[in-house]
2 protein chains.
Amino acid sequence: MNKIKLNAAHDHDACIRSALTRAESLCQKRGVRLTRLRKKILELIWQSHSPLGAYDLMDLLQASSDRERVAPPTVYRSLDFLLENDLIHKVHSLNAFVGCNNPLHKHSDALFICSNCGFTDEVHSATIQQAINLSASQNRFSVKSQVLEVLGLCENCR
Amino acid sequence: MNKIKLNAAHDHDACIRSALTRAESLCQKRGVRLTRLRKKILELIWQSHSPLGAYDLMDLLQASSDRERVAPPTVYRSLDFLLENDLIHKVHSLNAFVGCNNPLHKHSDALFICSNCGFTDEVHSATIQQAINLSASQNRFSVKSQVLEVLGLCENCR
DNA sequence: AAAGATATGTTATCATATAACAAAATTACC
DNA sequence: GGTAATTTTGTTATATGATAACATATCTTT
């Protein structure tokens, strides 16, 4: 995917800052620790604003700090922490991770991922959820979790 | 996941047979070749009726035939063929593959996957699709493809 | 039967993710 | 403040999933 083309409506710096601020307060509220490493990784994910693989993150960490290259377990542990605390999502179809917009909601949102620029939008739609729940109940299926990843072109790239 | 508990409504042998028959005629119609290997792999996938990983398939192939263990590229090439011809789906959240029910439709269906027995049901819901399309258009996003995987408990396991 | 095309075999390697244990940092408690 | 307990990070090795590149075999057409 190419570098993201920021659109006018999207102040990316503000977006990153607010995501980090929300993460801080959420972790404080939950009594968990957003350590320097975890925060750095979350920041890198938001800076990209497009799905990043764990090994991409390892490269970025090495580049952004003057530190040694961290090993896979280090980055995966931070990713696990961020996942558990709803601060990021895993994009299964890409083996990659993106920032989560609304970590406060127990959400099962749709991810709209631009295959050109990588811009990823997390959308909560009650309509989609109702449709899935209806289909589940018609098939006598009880839903525990779900993955909805939509690939296509964002407003700027289409 | 455990062995699948077949329910009364599901005649598994007939299910496999009909899937293979449909695959045969579809390939004939399309002028592509359902070779012995590809057919065997498709059969193994349907026998399981639950998502199988590529390496699981390698094991099963070895066990079911008296042949040597096939190497990864061999099985992945067959899987690619089956994917291209809409005979199977990839379950991204499990890195696994399941048989496709309706290979004739250009479909983007929901997969309901039982996390207990692995039974996987492919459901086409116009309601879900409409909801996704609506949400996409509201976000000025043009959809190319989508992945909807619902994990939970099937009728028998809940 | 030969040539061309398609499919499969083989070896090596890349990409993604985790197990197991050691060291360091943080927190809790006295 | 100092020590124990807990949590986090570092390190090494390895598991798991997937593909590249090239060789051999099989099928198709003539």
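Visitor: What share of the 158 residues in chain A is buried?

Guide: Buried means under 20% relative accessible area. In this predicted model, buried residues make up 47% of the 158 residues in chain A.

Visitor: How does the radius of gyration of chain A compare with that of a compact globule?

Guide: For 158 residues, a compact globule would have a radius of gyration near 15 Å, and the 16 Å of chain A agrees with that. The C-alpha trace of chain A spans about 55 × 40 × 25 Å along its principal axes. Of the contacts in chain A with a separation of 6 or more, 56% are between residues 24 or more positions apart.

Visitor: Which elements make up chain A, and in what pattern along the sequence?

Guide: Chain A has five helices and five strands. Along the sequence, the pattern is α-α-α-α-β-β-β-β-α-β.

Visitor: At what angle do helices α2 and α3 of chain A pack?

Guide: Angles of 65 to 115 degrees count as roughly perpendicular. Helix α2 (residues 36-48) of chain A meets helix α3 (residues 54-64) of chain A at about 110°, and their axes are 10 Å apart. So α2(A) is roughly perpendicular to α3(A). On the α2(A) side the contact is made by A:L37, A:K40, A:I41, A:L44 and A:I45, and on the α3(A) side by A:L57, A:L60, A:L61 and A:S64. By class, that contact has seven nonpolar residues, one polar and one charged.

Visitor: And how do α2(A) and helix α4 of chain A pack?

Guide: The angle between α2(A) and helix α4 (residues 72-84) of chain A is about 80°, with the axes 10 Å apart. These two helices are therefore roughly perpendicular to each other. From α2(A), the contact uses A:L37, A:R38, A:I41, A:L42 and A:I45; from α4(A), it uses A:T74, A:V75, A:S78, A:L79, A:F81 and A:L82. These residues divide into eight nonpolar, two polar and one charged.

Visitor: Where is A:C100 placed in chain A, and is A:C100 buried or exposed?

Guide: A:C100 sits in the loop between β2 (96-99) and β3 (110-114) of chain A. Its relative accessibility is 3%, so A:C100 counts as buried. The C-alpha atoms of A:C100 and A:L42 are separated by 9.9 Å, although the two residues are 58 residues apart along the chain.

Visitor: How many disulfides does the structure hold over all chains?

Guide: A disulfide needs a pair of cysteine sulfur atoms within 2.5 Å. The structure holds zero disulfides over all chains. Take A:C114: the closest cysteine sulfur, in A:C154, is 3.7 Å from its own sulfur, too far for a bond. A:C114 has 0% relative accessibility and counts as buried. In chain B, the sulfur of B:C157 is 3.7 Å from the closest cysteine sulfur, in B:C154, which is again too far for a bond. B:C157 counts as buried at 17% relative accessibility.

Visitor: Which residues other than glycine have a positive phi?

Guide: Most residues other than glycine have a negative phi. B:H49 is not a glycine, yet has a positive phi of about 55°. Another case is B:R140, with a positive phi near 50°.

Visitor: Where do B:H49 and B:R140 lie?

Guide: B:H49 is in the loop between α2 (36-48) and α3 (54-64) of chain B, and is buried, with a relative accessible area of 10%. B:R140 is in the loop between α5 (126-138) and β5 (142-153) of chain B. B:R140 is partly exposed, with a relative accessible area of 44%.

Key:
Residues are numbered from 1 along each chain as its sequence is written. Chains are lettered from A and ligands numbered from 1 in the order in which they are written. This is a predicted model: local features need pLDDT of at least 70, side-chain atom pairs count only at pLDDT 80 or more; totals for chains, interfaces and linings use all residues. Side-chain values use heavy atoms; hydrogens and water are left out. Axes are lines fitted to C-alpha atoms, for helices over the stretch in contact, and angles run from 0 to 180 degrees between N-to-C directions. Helices (H or I, at least four residues) and strands (E, at least two) are DSSP runs, numbered from the N terminus. Angles under 35 degrees count as roughly parallel, over 145 as roughly antiparallel, 65 to 115 as roughly perpendicular and the rest as oblique. Contact means heavy atoms within 4.5 Å. Ala, Val, Leu, Ile, Met, Phe, Trp, Tyr, Cys and Pro count as nonpolar, Asp, Glu, Lys and Arg as charged, and the others, Gly among them, as polar. Buried means under 20% relative accessible area, exposed over 50%, partly exposed in between (1.4 Å probe, protein chains only). The radius of gyration is taken over C-alpha atoms; the globule rule is 2.2 Å times the number of residues to the power 0.38.
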